[in-house]
Amino acid sequence: MTFRELGLSEKVLQAVEASGYTKPTPIQAKAIPEALAGRDVLGIAQTGTGKTAAFTLPMLSRLEQGRARARMPRTLILEPTRELAAQVEESFGRYGVNHKLNVALLIGGVSFGDQEAKIMRGADVLIATPGRLLDFAERGKLLLTGIEILVIDEADRMLDMGFIPDIERICKLVPFTRQTLFFSATMPAEIVRLTEAFLHNPVRIEVAPPASTSTTIAQALVASLPGPAKRETLRRLIGAADNFKNAIIFCNRKRDVAILHKSLQKHGFRAGALHGDMDQRARMASLEAFKNGDVDLIVCSDVAARGLDIPDVSHVFNFDVPVHAEDYVHRIGRTGRAGKQGIAISIVTRADQKHLAEIEKLIGRAIGWQNGAALDSLSADDEAALESHAPRQREHRGQRRSEAGGRQHAPRERGQRDHGAREQHGKRPHDAPQAPKSNGHTTKPERGHRPERGQFRDHDDRPVVGMGDHTPSFLLRPVKLKPRVVEEAE
Ligand code: AMP
C-alpha cells in the first residue's frame, strides 16, 4: 500500500514525501480513505502508531476546498493537554507546507489576545484543549457552527482528566452534520457511551490491542523500599544504565515529580520536570531542554507526558508503578520508538504488588526482576530499619556529607541500606551506587572534587521544621510604619 493509493491530494502527497514517509502505517492505511470519504471514524490506537497523520492528512486534503470565516473555524481538534495540542500544530505545519491554511491554537496558559486575533482572522484548523475552547465559546468570541470536521484525540485521557462533560458540551455546539474522527487508546464504558452518542455510523478501526507493548522495549522490575530509599534506587539505576542516552522518569503524583526533580538536581543530575502545575512556558522550556539534550532526565506526570512524541529516548524509569495498568503501556511506549531499542525499568515496592499484577495481566506476561531479585529479597530487617529511619537518616546524611568528596554516594553504613544494590544479590556487594556514566550526557561531580557544604545532601529527605529555609514572600514585604513610630525611631 502506498500513500498515493489512499486518495490524498497532490499537495499532501508532496508534503508526505518530504517528511520521508514511504509507507502508510496500518492506522493511516485504514483511516485515511474512510476520512476522505466523509465517514465518521472510531480509531482505537495509541500514540506512536502514526494516528496524528491519520487525521491530519485527510483533513488537509478536504480543506483545500472552501475558506474560513472570521470567528468560525472550519475544523476543530480537541486534545487533552497543551503539549499534545502544540504537537498537532507542528504536524499541520509539516504536512501542510504546501497549503495556505490558518491554524490556530487555543490552549490554557497562553495570552487570550494573540489567540483571539488568530480566530478573528478566520481559522481553517483550530486545535484546542477543552477548557480554553469553552471559555472562548462562552464569551462569544468563537462560533462552532461552521465546524465541518471534529477530531477528538486521546479520548481515554480526556476521561482520566475529567474532560468528558466538556467534550459533551462541545459536541452539542458543533453542527450535527459534521464529520467526527475519534481516537482513543482504550475503550472504557464511558468512552463507548460517548461514541454511541456522538458518532454517526462510524467505521471502527483497531490497529493494535491497547495492551500490546513493543518488542523493541526491554522491560524489568527492580525491588525497592519506599521513601528516600527509592530515590537512591533510582540514582543507582541511572548510574548503572546500559547505553544510556536520556530517560523519562514517571511519578504518579505531581507533588512527587517536583520532589524527585529537586532531589535529582541536588545530586548533580541534569534533570528537568514536566507536570500539570507548571505554567505553559515552563513546560515548553522543559520539553525543549530534554529534546535538544540540555538535560538528559525529565521527570513527568502521566498527564503531562501522555502522547508526547520525543524520538530517541533510551530509557523509561517508572519511579512509581502506575495505578492504571494502561498507563504502563503508554509510559514505556515513550522509548523503543521507530524500531530503536529501549529499556523500561519499574521500581516496585511492596505496596505496588496489586498494581503490578494488573499490569502483567493487561500485557499478558510477567515482567522479569532485574538480576532475579524480587520483592522478597528485601529482608524484614530492611523494612524494620525503614520504619525507624528518621534519626538514622540524619546520621547517614551527615556522614555522607563528610565522605562525599568526589562521589555521588557514600559507601553504605550501618543502618542505611541501598536496596537497589541488594538486588544485585551479592554480585556487587560492596559497590556504592554508580554515578552516571560520564558519557557527556549526565553530569557527575568530578573525582577528587570536594563538594560545597551540603551540596549533595538530600535536603528533601530531611524532615522540615517550620518553614525550613523558605521565607514566605509576605514576610519580606516592606512594612508601612505609622508616622509617629517613624519619628520615635529617628
Ligand atoms: P503519532 O502516533 O501520531 O504520535 O506518530 C508517531 C511517530 O510516527 C511520529 O514521529 C510521526 O512522525 C511518525 N510517523 C507517522 N506516520 C509515519 C509513517 N507513515 N512512516 C513513518 N513514520 C511515521
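Buried means under 20% relative accessible area, exposed means over 50%, and partly exposed lies in between, with a 1.4 Å probe and protein chains only. This report applies that scale to a predicted model, in which local features need pLDDT of at least 70, side-chain atom pairs count only at pLDDT 80 or more, and totals for chains, interfaces and linings use all residues. Residues are numbered from 1 along each chain as its sequence is written, and side-chain values use heavy atoms, with hydrogens and water left out. Helices (H or I, at least four residues) and strands (E, at least two) are DSSP runs, numbered from the N terminus.

Strand β1 covers residues 41–44. V41 and G43 point one way from the strand, L42 and I44 point the other way, and all are buried. Two strands pair if DSSP finds at least two bridges between them. Strand β1 is joined by four bridges to β6 (residues 179–184), and the two run parallel; in this pairing I44 stands opposite S184. Strand β1 also pairs with β7 in the parallel sense, over four bridges, and there I44 stands opposite E206.

**The six-stranded sheet**

An open sheet of six strands has the order β8-β13-β12-β9-β11-β10, with parallel pairing. Its edge strands, each pairing on one side only, are β8 (217–223) and β10 (271–274). From one strand to the next the twist averages 20°. Strands β10 and β11 (residues 297–300) run parallel and are joined by four bridges. L274 stands opposite C300 in β11.

Helix α10 (residues 228–240) packs on this sheet and touches β8, β9 (247–250), β11, β12 (315–318) and β13 (342–348). Its direction makes about 160° with that of β13. Such angles run from 0 to 180 degrees between N-to-C directions, and axes are lines fitted to C-alpha atoms, for helices over the stretch in contact.

**Two packed helices**

Helix α14 (residues 325–332) packs against helix α15 (residues 353–363) at an angle of about 70°, and their axes are 8 Å apart. The two helices are therefore roughly perpendicular to each other, a term for angles of 65 to 115 degrees. Their crossing is right-handed, which is to say that the near helix is turned clockwise from the far one by less than a right angle. The contact (heavy atoms within 4.5 Å) is made by A325, E326, Y328 and V329 of α14 and by E358, I359, L362 and I363 of α15. These residues divide into six nonpolar, no polar and two charged.

Two asparagines have a positive phi, in each case in a residue other than glycine.

S9 lies in the segment before α1 (10–19). This serine counts as buried because its relative accessibility is 14%. Leaving aside neighbours within four places in sequence, S9 is in contact with S61, E64 and H99.

Conventions. Parallel < 35°, antiparallel > 145°, perpendicular 65-115°, else oblique. Nonpolar A, V, L, I, M, F, W, Y, C, P; charged D, E, K, R; others polar.
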